[in-house]
Amino acid sequence: MQFSSFTPSQADVVSFKALKEAPKVEQYPNAYRWYNHIKSYEADFSTLPGDPSKPFTTYGPDAAAVTQNPKDAPAAEDDDDEVDLFGSDDEEEDPEVVAERERRLADYKKKKEGKAKPAAKSMVTLDVKPWDDETNMDELTKNVLAIEQDGLVWGGHKLVAVGFGIKKLQVNVVVEDEKVSIDDLQARIEEDEDHVQSTDVAAMQKL
């Protein structure tokens, strides 16, 4: 790795002397080998060919045609012939193309709006408790199932013994969460004060 030829010269000597220490072999293995090779000629430095008066900066490869300091670089000239890959905004679009695009966009929006999300629903099991064993459970059941409301669908029901001859009504109902409040539904059932003592939510499941 001699600077100007295959044999050591004053270019190598000047560059060698400009270094304060040997290059690190881990980082610069080639420079390390060059340094040790030139050092072996240290006794013959004065006899090596070349001009020892030149500074070491004059040796090495020719400087590339790149400005060393970016702030000193001349401003780039605008290229009027630059190709516009995306087309000019000044170009007028074909009216038929524009109309077709707008029609398709309108159709897409219409279809998207038409696909409404399914309503969130819950299945609820209610326990309706009577006052005592003398309460007419047929009338109680009839009054409960007579309650109608948008988003409410009654399901199966049965009488469940709770003790001492008393039975409670257990009834399933499916409700749309945004339309039916379970608390309000319980309040409406409990308005039948002649038959209903209280109500409880026995189970609830999101559908």
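This is a short tour of one predicted model, from the whole chain down to a single residue. Residues are numbered from 1 along each chain as its sequence is written. Because the model is predicted, local features need pLDDT of at least 70 and side-chain atom pairs count only at pLDDT 80 or more, while totals for chains, interfaces and linings use all residues.

**Whole chain.** Start with a cartoon view: the protein has five helices and four strands, running α-α-α-β-α-β-β-α-β from the N terminus. Helices here are DSSP runs (H or I, at least four residues), as are strands (E, at least two). Of the 207 residues, 23% count as buried (under 20% relative accessible area, 1.4 Å probe, protein chains only).

**H1 and H2.** Next, select residues 10-18 (helix H1) and 29-39 (helix H2). They pack at an angle of about 110 degrees, with axes 10 Å apart. That makes H1 roughly perpendicular to H2 (65 to 115 degrees, on a scale that runs from 0 to 180 degrees between N-to-C directions).

Now show side chains. Asp12, Ser15 and Phe16 in H1 meet Trp34, Tyr35, Ile38 and Lys39 in H2, where contact means heavy atoms within 4.5 Å. By class, this contact has four nonpolar, one polar and two charged residues.

**Phenylalanine 164.** Finally, go to the loop between strand E2 (152-163) and strand E3 (166-176), where you will find phenylalanine 164. Is phenylalanine 164 buried or exposed? At 83% relative accessibility, phenylalanine 164 counts as exposed (over 50%). Check its backbone too: phenylalanine 164 has a positive phi of about 60 degrees, although it is not a glycine.

How values were computed
Heavy atoms only, no water. Parallel < 35°, antiparallel > 145°, perpendicular 65-115°, else oblique. Nonpolar A, V, L, I, M, F, W, Y, C, P; charged D, E, K, R; others polar.
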